[in-house]
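Trainee: I have a new model open and I'd like to learn how to read it. Can we go through it together?

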Amino acid sequence: MGTVYAKDQGTPKNMDQHFTSKMMHKKQNELQDSHYNKEQDFEKHQNIQTRVIHLQTIKARVDKIHIDGLGRTKDDIIKSQVSELFKAHDFQEVIMRAHKVRGKLEALGCFKNIGIFIDISEGPNATPEGVEVTFTVREMKRLMGSVNTMVGNNEGSVIIGAKAPNIFGRGEKVQVEYAYGNKSSTNINISAIKPLLDDWLHTILTGSLYSTSSDFPWSGYTERDNGLLLDVACNSGAINVLKHNFQYEASFRQVSCSRQASFSVREQCGPSLKSALRHICSLDKRDAKLFPTRGNLIQFSSEVAGLGGDIGFIKNELLMQSNWSPHKYLTFQLAAQAGLLRSINNDMKISIIDHFFLGGPLNVRGFDIRGCGPRNEGNAVGGDVYWAAALHVYTPLPFRPGRNGFGDLFKLHGFINGGNLSNFTAKLANNYKENMKIFTDNVRCSVGAGIAMELGSVARVELNVIMPLLFVRNDALRQFQFGIGVQYL
């Protein structure tokens with residue numbers, strides 16, 4: 001959270017000198033007196049009184065706020081971030097609100113190395129309980145470059161980027177990124193970001209132009225996309241808890257099949273134009289992203305395509321996760337996912353790109369990537385309705401090697417997971433009994449155990465041994481799996 005430097009308002013300014021002289025005098029007496037014994041020393045320690053100060057009992061109010069280090073950043077955006085400090089009524093609340101303001105200043109993306117200093121208020125306008133809060137900041141350079149690595153779902157990428165932060169002094173940012181993955185995937189992204197943090201929704205506007213290329217050998221095709229994405233992100237309520245994303249995406253997509261692709265995949269080849277609206281709502285109350293010990297996550301996304309182009313569908317997806325720890329060395333996690341894809345009309349098509357897929361080292365474990373569900377001549381073609389669930393148990397390594405250090409990144413991991421992927425036929429749209437067979441027919445299930453590791457607080461690594469219990473003849477099974485990624489079941 002950073003360092004807070006504070007001066008006790010009730011401490012006299014000559015307290016340090018008085019305390020030093022008293023200690024020197026005490027040491028001289030102890031050197032001269034050589035006849036004291038252990039009983040006298042014990043009595044001396046018994047007479048020492050410890051003073052406990054509760055910060056919430058110390059009345060305080062903020063008289064002034066100083067921001068040192070401002071250059072091109074505008075005053076109005078700073079005032080909107082620090083104004084809540086004036087609402088503090090005691091010293092503890094001053095400290096807590098100061099750290100909260102520090103986080104809001106960091107979220108602007110304009111500063112680095114933000115420090116907080118709290119001192120008693122001085123001057124003719126100072127109040128008896130007044131304090132002054134000073135934030136020392138360093139503005140970022142006008143142009144910055146970076147070379148980073150990113151971990152996706154079982155894929156690593158090298159990212160070369162450049163960005164221009166705080167262009168007009170109110171947190172605006174333009175960035176360019178080029179990413180190359182170890183599976184021959186490429187991504188070029190140009191984004192312009194504008195925060196509107198002076199409103200209660202903490203809205204952030206983002207516009208992006210992108211060009212991506214991805215290879216999917218499990219399905220026998222390569223995908224190339226060029227498009228535009230507009231995103232409005234709102235954090236209503238507590239920050240980083242309830243989030244809404246409203247998006248519009250227009251993309252030109254090209255599907256190219258491999259030589260060994262099945263006929264059903266070859267039918268999907270060619271260009272397509274997609275225009276869609278999307279809403280993503282997530283409520284995250286977990287204490288951590290990768291290895292939470294308590295808290296719940298609920299995320300719902302809905303997408304409607306068909307505002308233009310030849311692609312039209314309605315796609316809904318739900319993700320839930322619950323974590324609880326009955327013991328400090330034992331954590332249970334229950335996760336569930338489900339999705340439904342429906343066509344709008346017969347004049348618009350649904351591409352294989354938009355289908356759901358199941359299977360993988362961080363998805364339904366025990367099956368290859370896209371190893372569950374409908375297949376045609378060895379190629380995974382996906383489906384339009386699915387569900388998946390998993391129950392995990394985590395515990396530290398035996399005998400706790402590397403305790404309070406590197407060893408705490410590793411956990412023993414046991415699980416049971418399963419699910420099913422199928423097609424929702426229009427002829428059976430009103431026959432719920434027939435469609436509910438997805439929960440009873442051809443269900444996949446597996447159990448396993450292994451080691452899970454947190455990689456740099458940004459990715460999750462798993463090495464598991466799995467035993468498939470329920471599977472279909474055409475499924476691609478895996479007994480040993482290594483997975484790395486951010487999203488997991």
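Mentor: Start with confidence: in this protein it is lowest in helix 1 (residues 15-32), with a mean of 40, and highest in strand 18 (residues 385-395), at 95. The score is pLDDT, the predictor's confidence in each residue, from 0 to 100. Helices (H or I, at least four residues) and strands (E, at least two) are DSSP runs, numbered from the N terminus. This is a predicted model, so to speak of local features we need pLDDT of at least 70, and side-chain atom pairs count only at pLDDT 80 or more, while totals for chains, interfaces and linings use all residues. Residues are numbered from 1 along each chain as its sequence is written, and side-chain values use heavy atoms, with hydrogens and water left out.

Trainee: Over which residues is the pLDDT below 50?

Mentor: Where pLDDT is low, the predicted coordinates should not be read in detail. Here the pLDDT is below 50 over residues 1-28, a stretch with 22 contacts beyond near neighbours in sequence; contact means heavy atoms within 4.5 Å. Residues 30-36 are also below 50, with three such contacts in the model. As for the protein overall, the mean pLDDT is 83, and 85% of the residues reach 70 or more.

Trainee: How many helices and strands does the protein have?

Mentor: The count is six helices and 22 strands. Of the contacts with a separation of 6 or more, 59% are between residues 24 or more positions apart.

Trainee: What should I look for in a core, and which residues touch the most other members of the largest one here?

Mentor: A nonpolar core is a set of buried Ala, Val, Leu, Ile, Met, Phe, Trp, Tyr and Cys residues joined through side-chain atoms within 4.5 Å. Buried means under 20% relative accessible area, exposed over 50%, and partly exposed in between (1.4 Å probe, protein chains only). The largest core here has 24 residues, and V94, L105, F111, I118, V133 and F135 touch the most other members. Strand 2 (61-68), helix 3 (75-82), helix 4 (91-107), strand 3 (111-120) and strand 4 (130-139) each give two or more residues to this core, and helix 4 has the largest share, six residues. Click on L105: leaving aside neighbours within four places in sequence, L105 contacts I78, Q81, F111, I114 and F135. There's also a second, separate core of 16 residues, with A335, F356, V364 and C372 among them.

Trainee: Which residues of helix 3 are buried, and why do they sit on the same side?

Mentor: An α-helix has 3.6 residues a turn, so residues three or four places apart point the same way. In helix 3, the buried ones are I77, I78, Q81 and V82. They cover an arc of only 120° around the axis, so they lie on the same side of helix 3; the arc is that of the directions from the helix axis to the C-beta atoms. D75 and K79, on the other side, are exposed. Strand 2, helix 4 and strand 3 are among what covers the buried residues.

Trainee: And which backbone angle is worth a look at R370?

Mentor: Check phi: R370 has a positive value of about 55° although R370 is not a glycine. R370 sits in the loop between strand 15 (330-343) and strand 16 (375-376), and counts as buried at 11% relative accessibility. N442 also has a positive phi of about 55° without being a glycine, in the loop between helix 6 (432-435) and strand 20 (444-455).
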